[in-house]
Amino acid sequence: MAGKLENDTALKGQLDAVQAGAAASKGAQDWYTKLAAFLAEVKAGIPDKLQDPEFLKKLWDENPIAATGMGSVKMAPALADADFRAWFAGELVKPLPADPAATEAHLTELYNGLRDRLKVLCGRTPRLKLNRVLCSVYPEHFTTVADPGKLLFLHKEMGGGASDHPVRAHKAIRSRIDALLGPIGGAGPLELVKRICLPWMVFDRISDDGTTDSSADPSEATAALKPLPAALRRKGLTSMKGGFQTLLGFLPELNEGVSKDEFADIIKQANPELAPSSLITNINVVSREFDLCKRDGDTYRLSARGINLLETQDPDEFADHLLTKVLGVDHVVKALEAAPQSKASLMSMLQGVHPGWTTDFAPSAMLVWLSSLGVIEAVDINDKKLLQLTERGKRWAELVTWVPQSMPKQAETVAEIKAEVADQVKPPSFADLAKRLADRVAGKLVLDQSLVQQLHAGLWFHPVRHFAVLTGISGSGKTQLAQNYALALCAGEKEDQERVRVIPVQPGWYDPSPLLGYVNPIQESSYRSAPFLELLLRAAADPERPYVAILDEMNLSHPEQYLAPVLSAMETHGWLDLHQLGDDAVSVPKRVQYPANLAIIGTLNMDETTHGLSDKVLDRAFTLEFWNISVQDFPGWAATPLAVPLKEKTQAVLMALGESLSPVRLHFGWRTIDDVLNYLGFHASFAPDDATALDNVIYAKVLPKLRGETSLKFQKALQDTHKVLADHGLTRCCAKVKSMQDDLAATGSARFWR
């Protein structure tokens with residue numbers, strides 16, 4: 001699969017963006033200065049200081065080429081070994097060959113020699129430090145992308161091979177950039193430093209992992225991990241049959257890139273008993289919970305972490321991710337660092353970390369994963385089965401330099417939540433609301449008093465979850481009721497219009513960003529807001545007055561997807577996490593508590609272009625149906641300029657058609673009645689004697705919605721409809737309905753459009 005940067009134009013665009021942004025930041029300038037001085041010191045120290053302990057320690061442990069990274073391998077055993085120091089010094093004084101291919105071969109041999117010797121002496125290969133040292137000694141041939149996984153991720157994005165050696169990856173990345181930007185020239189060491197730093201900044205820009213502050217000095221991102229707040233972490237780990245070994249089995253095929261369906265097949269092969277509904281869950285475990293792959297369109301491929309794990313097969317690759325981004329892992333390792341504990345005590349402790357874990361399922365799954373990763377192990381101590389840290393677990397515990405945070409206990413019962421928001425918003429009494437509503441519509445609209453009562457009670461009976469859904473046939477007045485109710489709710493108060501927002505839902509809303517906004521991917525220090533978010537923030541800042549968001553045609557997309565964080569927060573007056581930018585970076589706050597004064601009214605139509613509502617939505621919404629449409633009560637009859645005979649005939653036809661079609665819910669709303677009358681009025685202005693006008697408008701506005709399968713109800717509806725049309729002489733409509741009856745008899749289904 002082609003990488004995003006394989007095309008020169010794409011790569012040049014990223015380089016230009018980096019040079020105009022991150023490369024020009026103060027953090028980058030500090031990095032350049034520090035790095036230039038360090039490279040000069042290294043160059044001056046070879047060969048004379050290659051046996052100097054202080055020089056070697058600085059080269060291997062205090063190297064500003066890039067971050068040391070998490071879990072640094074201790075270099076002391078290697079640096080104390082006289083044979084290693086002698087071999088290392090001997091290799092560094094060898095001149096590089098003049099031929100580029102021979103140079104690559106020489107550096108590859110040196111890389112492999114360091115890797116093999118250090119693994120024996122240090123117990124693990126210090127892969128990050130190895131790359132940093134080689135870049136320090138040979139800056140013309142390496143980059144500051146010290147992490148091998150990130151290096152190969154960038155290399156593949158630029159068209160390189162998935163299994164290429166790191167030396168080749170460094171060389172290829174440098175060659176591509178040099179070809180586009182031209183040779184460095186003789187402008188001094190600072191220009192060389194800028195060039196070797198560019199690849200890291202390009203990776204940081206395209207990796208989209210949200211963990212790096214692009215304005216900071218990259219060399220300052222030391223081994224100390226920075227934990228996310230508890231509220232922003234993933235809530236536990238999902239169990240997976242086979243654990244760590246199963247994850248390892250996925251990596252080779254993900255390395256080449258697989259489609260979603262292929263990924264599901266791979267998971268199914270690993271666990272044939274897995275239910276189809278669990279396949280997506282397992283894909284999310286691999287991609288999100290363990291950060292092993294990224295999705296690009298319909299293709300999943302290894303992330304930098306996945307590339308590293310494929311090579312090392314070492315669970316330590318997960319340490320930084322699990323300790324800082326998954327709730328509870330740091331609690332477990334710090335608890336066991338103090339003393340071995342029983343499984344029951346750890347489970348109880350984890351349930352205190354997250355009050356939402358009301359069963360043993362999530363805590364148990366986490367302990368199973370930590371055991372599979374070799375972080376904890378079961379032991380018998382004084383005839384008791386306890387869990388303790390392994391050597392790996394002890395290394396992980398050393399990385400936790402903070403006090404692990406727990407989720408705050410949220411109010412759970414209606415009484416608790418009501419007490420929390422008792423002094424906040426109080427909606428008007430129904431009597432006041434009904435008067436305001438009557439004044440607003442002033443006879444222009446007839447609102448069913450029972451529906452208004454249901455809407456008002458359904459919205460405000462819960463202290464925080466003010467959510468109602470209006471469903472029914474198109475044109476039945478759902479949006480009119482929602483808008484007029486909302487404006488009446490806020491009537492008589494200053495800026496009432498600013499407290500009501502109609503938001504048309506669009507197809508393709510797959511996540512919350514259309515409602516809650518998102519970090520601008522082009523200008524990463526800005527936040528792209530959205531009308532719903534603006535209303536929500538105004539409501540949060542003004543808690544004593546009601547605000548209303550109307551989601552019009554809310555089931556054109558799946559509400560449980562784009563409303564997911566809102567549905568969760570409205571249940572318990574919880575928090576919505578918006579971004580992780582700096583406090584002063586944008587005007588939008590990082591997080592906001594769901595306001596108890598925000599009401600959401602959704603309208604939806606049920607047809608083949610829309611989606612049904614999931615239980616997650618239905619459990620939180622108060623649902624009202626708009627199916628009983630009274631043609632006679634339509635307020636436009638009195639105002640229509642139609643001649644009395646035509647008006648009476650039209651009313652009779654529409655009433656009879658409504659009665660014929662309502663048993664199969666194919667009848668029409670007031671919008672259709674209004675359209676029919678307006679069409680007839682306009683048509684009469686230039687052809688008053690045309691007797692076909694009613695036939696044509698019924699054909700165009702009522703019949704197109706007819707569709708159904710063989711059933712006694714549908715057969716009778718078509719039969720009754722045909723009789724109504726025939727009785728009133730609507731011949732064109734009669735012919736169409738007759739052809740639909742023939743289709744139903746011949747094929748078992750009928751529809752206007754065929």
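A disulfide is a pair of cysteine sulfur atoms within 2.5 Å. That cut-off is needed for the first close-up below.

This is a predicted model, where local features need pLDDT of at least 70 and side-chain atom pairs count only at pLDDT 80 or more, while totals for chains, interfaces and linings use all residues. Residues are numbered from 1 along each chain as its sequence is written, and side-chain values use heavy atoms, with hydrogens and water left out.

**View 1. Cysteines without a bond.**
The structure holds zero disulfides. Take C734: its sulfur is 7.4 Å from the closest cysteine sulfur, the one in C733, so that pair is too far apart for a bond. C734 counts as buried because its relative accessibility is 12% (buried means under 20% relative accessible area, exposed over 50%, and partly exposed in between, using a 1.4 Å probe and protein chains only). C122, at 17% relative accessibility, counts as buried too.

**View 2. F318 in the largest nonpolar core.**
A nonpolar core here is a set of buried Ala, Val, Leu, Ile, Met, Phe, Trp, Tyr and Cys residues joined through side-chain atoms within 4.5 Å. The largest one has 124 residues, and W60, F88, L114, F290, F318 and L323 are those with the most contacts inside it. Helices (H or I, at least four residues) and strands (E, at least two) are DSSP runs, numbered from the N terminus. Zoom in on F318 and, leaving out residues up to four places away in sequence, you'll find it touching F244, L247, F290, L292, R305, L309, L373 and W396; contact means heavy atoms within 4.5 Å. A second, separate core has 37 residues, among them V464, L533, L563 and V586.

**View 3. Helix 14 and what covers it.**
Helix 14 spans residues 304–312, and A304, R305, G306, I307, N308 and L309 are buried in it. The cover over these buried residues includes helix 7 (127–137), helix 8 (148–157), helix 10, helix 11 (243–256), strand 3 (299–302) and helix 15 (319–325). Q313 isn't a glycine, yet it has a positive phi of about 55 degrees. With a relative accessible area of 38%, Q313 is partly exposed.

Five strands make an open sheet in the order 7-10-13-6-14, with parallel pairing; two strands pair if DSSP finds at least two bridges between them. Strand 7 (500–504) and strand 14 (622–626) are the edge strands, each pairing on one side only. On average, and ignoring direction, neighbouring strands are turned by 20 degrees against each other. Helix 23 (residues 478–489) packs on the sheet, touching strand 6 (466–472), strand 7, strand 10, strand 13 (598–605) and strand 14, and its direction makes about 170 degrees with that of strand 13. Axes are lines fitted to C-alpha atoms, for helices over the stretch in contact, and angles run from 0 to 180 degrees between N-to-C directions. Helix 25 (residues 531–541) lies across strand 7, strand 10 and strand 13, at about 155 degrees to strand 7.

**View 4. Strand 10 up close.**
Six of the six residues of strand 10 are buried, so this strand is largely enclosed by the rest of the structure. Y547, A549 and L551 point one way from strand 10, while V548, I550 and D552 point the other. Five bridges join strand 10 (residues 547–552) to strand 7, and the two run parallel. Here R501 has A549 as its bridge partner, and V502 stands opposite I550. Strand 10 pairs with strand 13 in the parallel sense over five bridges, where the bridge partner of L551 is G602.

P47 is in the loop between helix 2 (26–45) and helix 3 (53–61), and a cis peptide bond joins I46 and P47, with omega about 10 degrees. D383 lies in the loop between strand 4 (376–381) and strand 5 (384–389). Its phi is near 65 degrees, positive in a residue other than glycine, and at 81% relative accessibility D383 counts as exposed. H354 is found in the loop between helix 17 (343–353) and helix 18 (361–372), and it counts as buried at 14% relative accessibility. Beyond its neighbours within four places in sequence, H354 is in contact with K235, L327 and M407.
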